[in-house]
Amino acid sequence: MSYKNFLFFMLVGLFVFWNGEGPSGLQATEVSSDENLLLAMHHGRPHGGRHERHQHHHGMGRGGQGICPQTRATAQAPDKIAQQKNPFESNADNYIKGESLYQWTAEPNPCKICHGPAGNGMGMMAQGLSPMPRNFTCSQTMKDISDGQMFWIIQNGSPGTGMPAYKFLSDDEIWKLIIYIRHFQK
Ligand code: HEC
C-alpha cells in the first residue's frame, strides 16, 4: 500500500472511530456537529488509540451534555447570603448584560473558558480541572444551589478548585450573571 493510501485509510478509520462505531465506547451523540467532529479528531490525534485517555479527554470537549448529576463538595455560603434573592428581574436587558460577561468580558477570564459556551461545564480550560467546573445545564445539581450561594462563590471563588474569585465584578454584575446562568438549566 502506498503511503498516501495508508493515510487515507487511517483517516477513514478515524471517522468511523469518532462516529462511535469504533471500539472506543465513544457515544455518537458526543460528536454532534462537523465542528465538533473536527475538534475531536484534532484532540484525538496525539493519543493514538489509548482508550482511557480518549474517554477522559473527550469528557472535556466542548460538545455533549456534560456530567450530570455532578458530585459537589463546594463550601456552603453563610445563611444570610445563601438566602438572598436576586434583586434583578430576569428581563432581556439583564440577561444580555450577564451573557456578555459570561461569554466575553468578565476579567480576568470569561466564564465560558471553563464552564463552556453552552454552560455544560466543558469549556476549553476545563480539561484537567478536578473538581470539574459546574455544569449549569444539569438541573439535578443546580436545583439545590441558590442564587445567593452562586453569588458568594462567584465573588469569593471556591478555594482549592479552579473556580477563581471575581473581585473585579460589581454586585450588580454578579446578579446579572446569575440571571444568565439560570437560563442554561434544563
Ligand atoms: C478557570 C476555570 C473557571 C472559570 C474561568 C470560572 N469558573 Fe466557575 N467553577 C469552576 C470550577 C472548577 C467550579 C467547581 C468548584 C467546586 O466544585 O467547588 C466552578 C463552580 C462555579 C459555580 C458553582 C458554585 C456552587 O456553589 O456550586 C458557579 C455559580 C460558577 N462557577 C460561576 C462562574 C462564573 C459566573 C464565572 C465567570 C464570571 C466562572 N464561574 C468562571 C471553574 C471556573
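Analyst: A residue is called buried if 20 or more other C-beta atoms lie within 10 Å of its own, and exposed if 12 or fewer do. The model discussed here is a predicted one.

User: Is Gln 76 buried or exposed?

Analyst: Gln 76 sits in the loop that links α3 (51-59) and α4. Its C-alpha atom is separated by 8.9 Å from that of Ile 153, a residue 77 positions away along the chain. Because 10 other C-beta atoms lie within 10 Å of Gln 76, this residue is exposed.

User: How does Pro 108 count, as buried or exposed?

Analyst: Pro 108 belongs to the loop between α5 and α6, and its C-alpha atom is separated by 7.9 Å from that of Tyr 166, although the two residues are 58 apart along the chain. Since Pro 108 has 8 C-beta neighbours inside 10 Å, it counts as exposed.

User: What is the average pLDDT of the protein, and which residues stay under 50?

Analyst: Where pLDDT is low, the predicted coordinates should not be read in detail. That caution applies to residues 12-17, where pLDDT stays under 50 and the model has 6 contacts beyond four places in sequence, and to residues 19-61, where pLDDT also stays under 50 and the model has 47 such contacts. Over the protein, 67% of the residues score at least 70, and the average pLDDT is 79.

User: How many helices and strands does the protein have?

Analyst: Read from the N terminus, the elements run α-α-α-α-α-α-α-α-α. The count for the protein is therefore 9 helices and 0 strands.

User: Are the axes of α5 and α9 roughly parallel or roughly perpendicular?

Analyst: Two packed helices are described by the angle between their axes and the distance between the axes. For helix α5 (residues 92-105) and helix α9 (residues 171-182), the axes come within 7 Å and cross at roughly 95°. Angles of 65 to 115 degrees count as roughly perpendicular, and α5 and α9 are therefore roughly perpendicular.

User: Which residues of α9 meet α5, and how do the residues of the contact divide?

Analyst: On the α5 side the contact is made by Asn 94, Tyr 95, Lys 97, Gly 98, Glu 99, Leu 101 and Tyr 102, and they meet Glu 173, Lys 176, Leu 177, Ile 179 and Tyr 180 in α9. By residue class, the contact of α5 with α9 divides into 6 nonpolar, 2 polar and 4 charged.

User: Why is α8 described as largely enclosed by the rest of the structure?

Analyst: The buried residues of α8 are Asp 147, Gly 148, Gln 149, Met 150, Phe 151, Trp 152, Ile 153 and Ile 154, and they pack against α4 (79-82) and α9. After α8 comes Gly 157, with a positive phi near 75°. The helix is largely enclosed because the buried residues number 8 of the 10 in α8.

User: Which helix gives the largest share of the shell around the ligand?

Analyst: The ligand is surrounded by 25 residues, the closest being Thr 74, Cys 111, Cys 114, Ser 158 and Met 163, and the shell divides into 16 nonpolar, 7 polar and 2 charged. At least two residues of this shell come from each of α6 (112-115) and α8 (147-156). The largest share, 4 residues, is supplied by α8.

How values were computed: Residues numbered from 1 in each chain as written. Predicted model: local features only at pLDDT ≥ 70, side-chain atom pairs only at ≥ 80, totals over all residues. Axes fitted to C-alpha atoms, helices over the stretch in contact; angles between N-to-C directions. Parallel < 35°, antiparallel > 145°, perpendicular 65-115°, else oblique. Contact = placed C-beta atoms within 7 Å. Nonpolar A, V, L, I, M, F, W, Y, C, P; charged D, E, K, R; others polar. Near = placed C-beta within 6 Å. pLDDT = per-residue confidence, 0-100.
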